[in-house]
Amino acid sequence: MIAQLLLTIAQGVGLTLYVTGASLLFGGAIGLVLVAAVRSRIPVISGIATLYINVVRVVPPITWLFLIYFGLPQYALRLSAIQAAIVGFSLIASAFMAEIYRSGLLSIPDAQREAAHALGLSPVATVGHIITPQAFRVALPAVASYAIGLLKDSALASTIGVREITYYAQQSARQTHEGLLSFIIAGVLYIVISLVVAVISRRVDLRLRRKIGVA
Amino acid sequence: MVFSFGTRTPPTALTGEVVVSGLGKSYGASRVLSDVNLTMNEGEVVSIIGPSGAGKSTFLRCLNYLETPTEGTIEIGGARVVAGGKRPDKASLDHLRRVTGMVFQSFNLFPHLTVMENITLPQRKVLGASKEEAQEVANKLLKRVGLPDKAEQYPARLSGGQQQRIAIARALALSPKVMLFDEPTSALDPEIGLEVLAVMRDLADEGMTMIVVTHEMHFARDVSDRIMVMGNGGVLEIGPSEQVMSQPQNERTRQFLKAVLDR
C-alpha cells in the first residue's frame, strides 16, 4: 500500500522541482535587475522598484496564482496552469531575492569599495570582482532558506491544477481513502528535497567559509 | 600675470611631484578642511601629525578623491584636478588614482581573493597586464615586503602586519608615483607595527614619494623629510622634521607634541 501510494505521489516530484527551480531561476534573475533599480540614483526608478517589491511581498502567493490563472484570461492572456504557477512564483521570488541581494550588498563594508576605487578599478570591475562575489557569499544561506520556502509554497500550485506532489497526494487520498498516509508521504517527500537543498548549501557555505575564513 | 613686491612666486608657477593649493572641504556650513597647501619634490617623504579630528585623514583622502574636496587644486605626478564646481571628468580622476597608491588603516585587502589575486587583479583590470606579467610583478613585490611564501594564502590567514605589507605590495604593483598612507600602523600592536614601518622605511630609502598620516613620532622624525602638523582642519605648521619636533613654532603644536612625547 505504502509503496503504491509513494509511487503515485512521487510522480509529482518532477513538477514540484520544475516549478520551484524555474521560479527561483527567473526570480533570481529579475531580482538582480530589481536590486539594481532600487539602488538607482534616479528617484522614479528606485521608487517604482521599491513599490513593486513591497506590493508583491504583501499579497499572499495564492492570491497571485488565482489572479494570474483565473484573472488574466479575462484580458486574453491565457496561460497553462504550469506557466501561471511559474509566472506567479517568479514574480514573488524576484521581490524576495531582491531583498536578499540587497542585504548581501549592504553587508560589504564601504572600505572594500574605497580600496577598489583607490586602486583605480572601474565601477564595473568593482561590482563584478570585488562586491558581488563577497555579497554572494553572505547571501547564500538566505538564498538556500528562501529556496526551501519556495519549495513549500509550490504546493499551492495544486490549487490551479498543477500536477505536483500535493496534487497527487490529494488525488490518492480521495481514491484510496488513505488520507493520513497520502499526506504523510507528501510531507516526507518535501522533507527529503529540503534536506538535499540544505546539505548542498551547507557544503558550499562551509567551503567558502574555510577558504575565506570570515564569520 | 601681475607680480607684487618681493620674491613670492604665484602658486601656479610651483613645480613638484605634488602641488596641492588652497585645498578645502565643507559640508554645508561646516568646514572640515581649509586652505591646505603642500608642495613636494619627487622622493620626498612628508608625515602628517596632529590631534584626532584635525582633518589629517580627510586631507589625505581628498588627494585621490575618496573624499571630494570643495575648493583648491591637486596636482600629482602629472594629474591635475580642480575642485569645486562640477565634478572632475572621469579621465582626470582615473589619472589621479593611477599616480597615487593608498594604504589604509584597516588594510582593506579583498578577503575573497588570495594574496596573489589581490595583487594581480588590479594590475590586470587597471593596467591591462597579462596574468604572467602580473604574477611576475607580484612575486617580486612579495619578496620585497618579506612575504614570498604567502602568495596562495587568503588574507584572513595572515596577521595584521602581514596583511598591511600585502596591502603595500598591492598598491606598489600599479607603479604609483606617490604613496599615501592613512595611519598604516594604528590598527596594529606596537611590535607588529614595526615590520610595517620597516617596509615603509625601505620604500622611502628607495626614493618613493610618500605622504604619511601617522601617530608614530619616531617614524615621523627619522624617516620623513618634513612634518606637517594639522589642527582644526588646517595646517598649523610645516617644516623639516627635526625642527618641528624639537622647536615647534606653533603653540598648539607644542601642546600636542608634549602630550604625545611625555606619554
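Modeller: In chain B, take the contacts (heavy atoms within 4.5 Å) between residues at least 6 apart in sequence: 63% of them join residues at least 24 apart. Keep in mind that this is a predicted model: local features need pLDDT of at least 70, side-chain atom pairs count only at pLDDT 80 or more, and totals for chains, interfaces and linings use all residues. Residues are numbered from 1 along each chain as written, chains are lettered from A and ligands numbered from 1 in the order written, and side-chain values use heavy atoms, with hydrogens and water left out.

Colleague: How many helices and strands in chain B?
Modeller: Chain B has 9 helices and 10 strands. Those are DSSP runs numbered from the N terminus, helices being H or I with at least four residues and strands E with at least two.

Colleague: And what share of chain B is buried?
Modeller: Buried residues make up 55% of its 263 residues. Buried means under 20% relative accessible area, exposed over 50%, and partly exposed in between (1.4 Å probe, protein chains only).

Colleague: Which residues does Thr114(B) touch?
Modeller: Leaving out residues up to four places away in sequence, Thr114(B) touches Ala151(B), Glu152(B), Gln153(B) and Tyr154(B). Thr114(B) sits in the loop between strand E6 (100-103) and helix H3 (115-127) of chain B, and with 6% relative accessibility it counts as buried.

Colleague: What about Arg165(B), buried or exposed?
Modeller: Buried, at 10% relative accessibility. The side chain of Arg165(B) meets that of Glu195(B) in a salt bridge of 2.6 Å, N to O. Here too the pair links distant parts of the chain, with Arg165(B) in helix H5 (residues 160-172) and Glu195(B) in helix H6 of chain B, 30 residues apart. Glu195(B) is partly exposed, at 26%.

How values were computed. A salt bridge is a side-chain nitrogen of Lys or Arg within 4 Å of a carboxyl oxygen of Asp or Glu.
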